[in-house]
Amino acid sequence: MKTNLRWLYAIILIAIGSAVSVISHSSQTVSALTQTPSSTPSPSVTPSPPPSITPMLMGVPTRDLRFGIVEGFWEPEEAAELGVGWDRILFYWREIQPKDSDDWNTLHVYEEWLAEADAQGRQVMGLLKNSPAWATDGLPESGLPRGLYLPTDDPDNLWANYVRRIARYYGPLGVHHWIVWNEPDILLGEHGHEFTGGEADYYQLVKVAYTVMKEEDPEAVIHLAGLTYWHDVANGRRPYLERFLEVVTADPEAEENDYFFDVITLHIYYRVRTVPSIVAETDAIQQEFGLDKEIWINETNTTAAYDPEWWTEVPPFPINLDQQAYYLVQAYGLGFAAGADSIGTYKLIDIHLPKGMESFGLLRPDLSKRPVYFAYRTLVEQLSGFTAVSQETDWDHHLLTFDMPDGVTHLLWARSGKGIVLDVPATMDEAVLVSVDGTETVVTSTISDTYSITLPGAICTAEECLTGGEPFFLVEKFPVTPTPTAAATATAAATATPSATLTRTPLPTATPSPTPTVTMSPSPTPVKELTALVPTATVTGAAPPESGVGANLSYILFGLAGLITAVGGFIWWKEK
């Protein structure tokens with residue numbers, strides 16, 4: 001009897017323990033599913049400021065390749081800050097092969113420069129020039145390469161061999177744009193002379209380079225040497241490009257080989273008004289010969305002769321720091337409006353420059369930034385990605401209109417020494433006026449649907465205005481139509497009413513006003529940078545009461561304890 005009771009006692013205890021385990025597990029599960037946030041505040045999370053967004057392609061910033069600079073590799077971080085699209089690097093033949101054709105000095109152009117440019121989305125353009133003394137029978141550096149007229153596969157054609165090796169080595173490193181020599185329109189005996197040879201010799205130099213480069217690198221793009229234009233004008237010669245193309249088009253092999261070059265290159269300095277006329281004349285010359293090549297200005301700028309921190313001993317033109325900044329913005333605008341396909345600034349930094357010498361750098365030798373540095377940055381920020389450009393030019397002002405993917409950007413300035421108030425047709429209620437240093441001001445349209453913009457006059461000499469007055473960007477953004485979101489209700493969401501199609505009002509011809517009447521312009525309102533507000537989740541109110549098994553767990557356990565006590569007492573009594 002006692003043995004049977006002990007077994008009964010054990011069975012009851014096991015059953016009760018299993019029930020308690022199941023109930024406890026159920027309670028924890030229900031509690032986890034119904035748990036509410038604690039009313040104790042969580043640690044405050046400070047959001048990082050939003051980054052400056054640059055379009056990316058496979059992790060590499062994509063730049064607008066219409067905005068270049070010369071020798072940006074010296075200061076790559078500044079080049080990246082400026083948004084430079086391409087960088088020009090000198091590849092001196094005399095440095096890369098200083099002794100003979102077996103020599104190969106890769107320390108002349110550091111591979112780190114190329115890797116940095118690639119990582120920051122800049123295209124590298126190499127300039128090939130300077131014959132080593134061993135490779136020419138003429139003057140070192142400017143002499144004609146020996147064997148130039150031999151077949152390109154002849155080992156005695158030293159220029160062909162050099163170009164081939166350049167293509168094989170630097171093509172895989174990302175260099176595909178090549179300029180063949182520099183300023184051949186400066187003849188022997190003239191200041192700046194770099195090539196001893198006539199138009200036919202230069203054509204042969206280009207033809208060999210084009211043939212070899214295209215064989216080795218299908219991505220290669222061959223640029224003609226930069227032409228100065230003014231050396232021909234000053235010496236009473238016909239334009240070099242005209243004389244050169246006469247030689248090119250007389251070659252029976254030229255037409256079927258796309259005339260052995262891809263891009264015409266210009267160097268334009270000092271007088272901003274000459275930029276559009278030189279570009280237009282260049283295009284007219286090539287059209288006469290049936291060509292339609294891209295036109296690049298790969299050098300433009302003016303010196304800041306009156307820089308208190310870097311005085312030029314013999315200033316070629318009386319230009320101050322502000323005028324240099326104005327020149328750069330105006331040269332790009334007029335160049336693009338005239339049909340230039342890409343424009344580059346000479347140069348990022350004045351490096352290895354003796355004190356008092358003519359300086360062009362956006363950065364001084366000590367890395368301090370001239371106003372032109374900020375003007376270049378603003379220029380790229382405001383015009384990068386433009387899809388079309390038109391212009392309205394009168395005797396007293398320039399008004400260039402750039403179509404942008406998200407709106408319209410006008411670039412405007414006074415041409416003469418007198419300031420004017422220019423009324424620009426408005427397509428929006430308000431726009432942002434941006435100065436060359438990047439300062440932004442909101443302007444509102446007048447009752448006549450125009451923006452009244454005050455343009456300061458230019459600084460001029462008795463003979464001419466080398467630059468215009470202070471330029472401004474007037475930026476209009478198209479309104480962003482929000483995407484309709486379905487309402488979270490049982491009823492159907494209302495159909496969104498389509499917004500009206502934006503109609504561009506044609507720009508009327510401005511009436512010249514030599515002595516403008518002072519017009520009250522809207523008070524400028526500074527544009528404030530909006531700080532993103534991230535809402536913090538705040539728990540309010542008491543937690544809801546628990547329900548189900550979890551809510552009655554204490555009562556169940558109390559009842560089980562009483563049952564265990566009663567059964568235990570009954571068994572003890574029976575055993576007694």
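Predicted model: local features only at pLDDT ≥ 70, side-chain atom pairs only at ≥ 80, totals over all residues.
Which residue meets arginine 271 in a salt bridge?

View 1. The side chain of glutamate 464 meets that of arginine 271, at 3.0 Å from N to O. Glutamate 464 is buried, because its relative accessible area of 18% is under the 20% limit. Arginine 271, with a relative accessible area of 25%, is partly exposed.

**View 2. The salt bridge of arginine 364 with aspartate 307.** The closest N and O atoms of this pair are 2.9 Å apart. Arginine 364 lies in the loop between β10 (342-345) and α11 (371-383), while aspartate 307 lies in the loop between β9 (294-301) and α10 (321-338), 57 residues apart. Both arginine 364 and aspartate 307 are buried.

**View 3. The crossing of helices α6 and α8.** The axes of α6 (residues 199-216) and α8 (residues 240-250) come within 9 Å and cross at roughly 65 degrees, which makes α6 roughly perpendicular to α8. The crossing is right-handed. Glu199, Ala200, Tyr202 and Tyr203 of α6 make the contact with Tyr240, Arg243, Phe244, Val247 and Val248 of α8. By class, seven of these residues are nonpolar, none is polar and two are charged.

**View 4. A network of salt bridges.** The linked residues are Glu190, Glu199, Asp232, Arg237 and Arg243. Glu199 of α6 and Arg243 of α8 also take part in the helix contact. The structure holds 28 salt bridges.

Methods:
Residues numbered from 1 in each chain as written. Heavy atoms only, no water. Axes fitted to C-alpha atoms, helices over the stretch in contact; angles between N-to-C directions. Helix = DSSP H or I, 4+ residues; strand = E, 2+ residues; numbered from the N terminus. Parallel < 35°, antiparallel > 145°, perpendicular 65-115°, else oblique. Left-handed = near helix turned anticlockwise from the far one by under 90°. Contact = heavy atoms within 4.5 Å. Nonpolar A, V, L, I, M, F, W, Y, C, P; charged D, E, K, R; others polar. Salt bridge = Lys/Arg side-chain N within 4 Å of Asp/Glu carboxyl O. Buried < 20%, exposed > 50% of the residue type's maximum accessible area, 1.4 Å probe, protein only.
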